[in-house]
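Let's take a walk through a protein together, one stop at a time. Keep the picture open beside you and look for each place as we reach it.

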Amino acid sequence: MGLLIGFVAIGVILLIVLSSCVKIVPQASAFVIERLGGYQDTWSVGLHVKAPFIDRVAKRVILKEQVVDFPPQPVITKDNVTMKIDTVVFFQITDPKLYTYGVENPIMAIENLTATTLRNIIGDLELDQTLTSRETINTKMRAALDVATDPWGIKVNRVELKNIIPPAAIQDAMEKQMKAERERRESILKAEGEKKSTILVAEGKKQSAILDAEADKQSAILRAEAEKEKRIREAEGQAEAILKIQKATADGIRFIKEAGADEAVIQLKSLEAFAKAADGKATKIIIPSEIQSLAGMVKAVTETAKD
């Protein structure tokens, strides 16, 4: 019985040992295997079996891109302004072996390397350049860190300046400068608005004056046309009246002739026709000589009759 229990115990121990030797490497991971303290192999994704007691998993490495946010680091610009800048580094492990054996603490090494590289770059820039050259600083830092971390099996994909914190006095001066700049822009915009308003008012007055002049012109044209039409109608009326008078006179003369009147009566009727034609408006009437002699004869007969 005791022997059976011993075999069972040995079997359980062997099963535990064998199960511990079977390893499954998950996706985006790698295992660094050591044998008797030395590097043996790097396991990628899948099922692996190691030799018991002599092999061990020295390090489990994550191959996904990782993000590290470092605390603000004090830096000094070229014009001796001290500020604090915190950075964010995006990196990825490309060689698990170099990452395991290349440096003791890779994250701390990247942090210190980031701080020294940042100081070197900012030391060549003035304050205004530092505030406006984020992209340039990011590019330079990524290139420098990528070269420095290559022996560690690390690839730096991107570096970002998260915050640039200048001294309080500099912040106050920058705020005042921005306030003055905003007030200047406001004054410029206000002046431009007033200028445009003045121009629009002047153009409106100009258009109004043009329209008024055009209206006066049209009004004068209409008045002239009305006066012209009036005179034409008056002339046509006078001409029509004269024609009617002349027609009536001609009809009278024809009637007299048809009645057998002599020449003297005809001339007398002609004189009356001239008198009606003048209608008291003419200051001078030219009368033919025959009618003048007839008029003298009528006057003589009239005076004799009075005597």
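Our first stop is F53, which has a relative accessibility of 75% and therefore counts as exposed, since the cut-off for that word is over 50%. Keep in mind that this model is predicted. You will find F53 in the loop between strand 4 (46-49) and strand 5 (55-62). Its backbone has something to notice too: phi of F53 is near 75°, a positive value in a residue that is not glycine.

With a relative accessible area of 66%, N80 is exposed.

Next, let's turn to the helices. Two packed helices are described by the angle between their axes and the distance between those axes. Here, the axes of helix 3 (residues 106-122) and helix 5 (residues 134-149) come within 10 Å and cross at roughly 135°. Helix 3 and helix 5 are therefore oblique to each other, and their crossing is right-handed.

Look inside helix 5 for N138. Is N138 buried or exposed? Its relative accessibility is 7%, so N138 counts as buried. The C-alpha atoms of N138 and I121 are 10.0 Å apart, and the two residues are separated by 17 residues along the chain.

Finally, visit helix 1 (residues 2-21), the place of I10. I10 counts as partly exposed because its relative accessibility is 48%. Together with L3, F7 and L14, I10 makes a nonpolar surface patch of about 440 Å².

Methods: Residues are numbered from 1 along each chain as its sequence is written. This is a predicted model: local features need pLDDT of at least 70, side-chain atom pairs count only at pLDDT 80 or more; totals for chains, interfaces and linings use all residues. Side-chain values use heavy atoms; hydrogens and water are left out. Patches are made of residues with over 30% relative accessible area and no salt bridge: like charges are joined within 9 Å, nonpolar side chains (Val, Leu, Ile, Met, Phe, Trp, Tyr) within 5 Å. Accessible areas come from the Shrake-Rupley method with a 1.4 Å probe; for residues, only the protein chains shown count as cover. A salt bridge is a side-chain nitrogen of Lys or Arg within 4 Å of a carboxyl oxygen of Asp or Glu. Helices (H or I, at least four residues) and strands (E, at least two) are DSSP runs, numbered from the N terminus. Buried means under 20% relative accessible area, exposed over 50%, partly exposed in between (1.4 Å probe, protein chains only). Axes are lines fitted to C-alpha atoms, for helices over the stretch in contact, and angles run from 0 to 180 degrees between N-to-C directions. Angles under 35 degrees count as roughly parallel, over 145 as roughly antiparallel, 65 to 115 as roughly perpendicular and the rest as oblique. A crossing is left-handed if the near helix is turned anticlockwise from the far one by less than a right angle, and right-handed if clockwise.
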